[in-house]
Amino acid sequence: MQATANQHLVDTQWLSEHLNDTDLIILDATIGKTTTHTSANVCIPGAQFFDLKKDFCEPDAPFPSTVPTAKTFEKGCQKLGITAQSTLVIYDDKGIYSSPRAWWLFSIMGHPKVFVLDGGLPAWQAANYPVTNKYAAPKALGNFKAQLQLENIRFFKDIEENLLQKEFLLVDARSAGRFTNTEADPRPGLRSGHIPDSYNLPYTELLENGKFKSVEKLKKVFQPLLKEKRPLVFSCGSGITACVVLLASEGILPQPKSVFDGSWTEWATRVAAD
């Protein structure tokens, strides 16, 4: 299926060759886009908009990007025509940024065939493949049934208890400056810093020219974590780029892996600074 070393990735050539497959559904998971048909709103032909911030997060949650209920996720998927037989290819317009979050959501909701386009829209355009400014409409109502796998999510209580139990290692995907409190957090009123005993691995260290680095280079970046025997829990600002690190680690880090959904935003809101 895949045309890259990571079994959860496909490249632009593969997508171009399979663009007209009947079971293919392409999803644009770019954060901040709308479905408006403008020359600036470029997308891959046949793509539909996967709205991470509106349709695929819990609307009444106090923290951004919160994992939706299975019912909410299922309803959004069915509107996009998604079935269990669909082959899903997800991309974003930064190369690799928010598309791994959408991949992870589908993974924890039980969809069997979901992939990320390595390099996203920039790689597609760099290869001179066609684009359009109009999202496709679903062919029919989908029948995908979501089954949320809670073991793949960690919550505030888990992180709090781990300070004493140390059952897993928390891996923080934010920049070193935000982690060490030497640069301001981009969210107004939110302090920088990090959860005690966490390990900083900025997601940008895993990328090169908007794509994931080669397996050989990724292994070097992940070398310190290869020695870790405990399960890994990935965190970031609000649960988006944590999924970049998780996806990059697939096939390299053998430990059980999950995501702290509330991430630093929840921790810094609920726990006072030392």
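Predicted model: local features only at pLDDT ≥ 70, side-chain atom pairs only at ≥ 80, totals over all residues.
**Stop 1**

Asn181 is not a glycine, yet it has a positive phi of about 65 degrees. Is Asn181 buried or exposed? Its relative accessibility is 51%, and exposed means over 50%, so Asn181 counts as exposed.

Now select Asp197, which is found in the loop between helix 6 and strand 8 as well. Here too you will find a positive phi, about 70 degrees, on a residue that is not a glycine. Asp197 counts as exposed, at 52% relative accessibility.

Next, step back to Arg178 in helix 6 (residues 176–180). Arg178 is buried, with a relative accessible area of 15%; the limit for buried is under 20%. What is Arg178 in contact with, leaving aside its neighbours within four places in sequence? Show Glu183, Ala184, Asp185, Pro186, Arg187, Ser192, Gly193 and Gly237 to see the answer.

**Stop 2: helix 9**

Select residues 242–249, which make up helix 9. Eight of its eight residues are buried, so helix 9 is largely enclosed by the rest of the structure. Going along the helix, you pass Ala242, Cys243, Val244, Val245, Leu246, Leu247, Ala248 and Ser249. Just after helix 9 comes Gly251, with a positive phi of about 85 degrees.

Helix 3 and helix 9 pack with their axes 8 Å apart, at an angle of about 70 degrees. That angle falls within 65 to 115 degrees, so helix 3 is roughly perpendicular to helix 9. To view the contact, show Pro100, Arg101, Trp103 and Trp104 from helix 3, which meet Cys243, Val244, Leu246 and Leu247 from helix 9. Colour these residues by type and you get seven nonpolar, no polar and one charged.

**Stop 3**

Helix 2 is followed by Gly81, which has a positive phi near 80 degrees.

Which residues have the most contacts inside the largest nonpolar core? Select Phe50, Phe73, Ile82, Trp104, Phe106 and Phe222; the core itself has 52 residues. Helix 9 gives the most to this core, with seven residues.

Centre the view on Phe106. Leaving aside neighbours within four places in sequence, Phe106 is in contact with Leu27, Phe50, Phe73, Cys77, Ile82, Leu88, Ile90, His111 and Val114. A second, separate core has 17 residues, including Trp14, Val42, Ile44 and Tyr91.

**Stop 4: aromatic rings**

How many aromatic pairs does a search of the whole structure find? There are ten. Select Trp124 and Tyr129: their ring centres are 4.6 Å apart and their planes are at 40 degrees, so the pair is tilted. Trp124 is buried, with a relative accessible area of 0%, whereas Tyr129 is partly exposed at 23%.

Move on to Phe156 and Trp267, a tilted aromatic pair with 5.2 Å from centre to centre and 35 degrees between the planes. This pair links distant parts of the chain, as Phe156 in helix 5 and Trp267 in helix 10 are 111 residues apart. Phe156 and Trp267 are both buried.

For a group of rings, select Phe50, Phe56, Phe73, Phe106 and Phe144, which ring pairs link into a cluster.

**Stop 5: helix 5 and helix 10**

Return to Phe156 and Trp267, and show the helices that hold them. Helix 5 (residues 156–165) packs with helix 10 (residues 263–270) at an angle of about 70 degrees, and their axes are 11 Å apart. The two helices are therefore roughly perpendicular to each other. At the contact, Phe156, Ile159, Glu160 and Leu163 in helix 5 meet Glu266, Trp267 and Arg270 in helix 10. These contact residues divide into four nonpolar, no polar and three charged.

Technical notes: Residues numbered from 1 in each chain as written. Heavy atoms only, no water. Helix = DSSP H or I, 4+ residues; strand = E, 2+ residues; numbered from the N terminus. Axes fitted to C-alpha atoms, helices over the stretch in contact; angles between N-to-C directions. Parallel < 35°, antiparallel > 145°, perpendicular 65-115°, else oblique. Contact = heavy atoms within 4.5 Å. Nonpolar A, V, L, I, M, F, W, Y, C, P; charged D, E, K, R; others polar. Core = buried A, V, L, I, M, F, W, Y, C linked by side-chain atoms within 4.5 Å. Buried < 20%, exposed > 50% of the residue type's maximum accessible area, 1.4 Å probe, protein only. Phe/Tyr/Trp six-rings, centres within 6.5 Å; stacked < 30°, edge-to-face > 60°.
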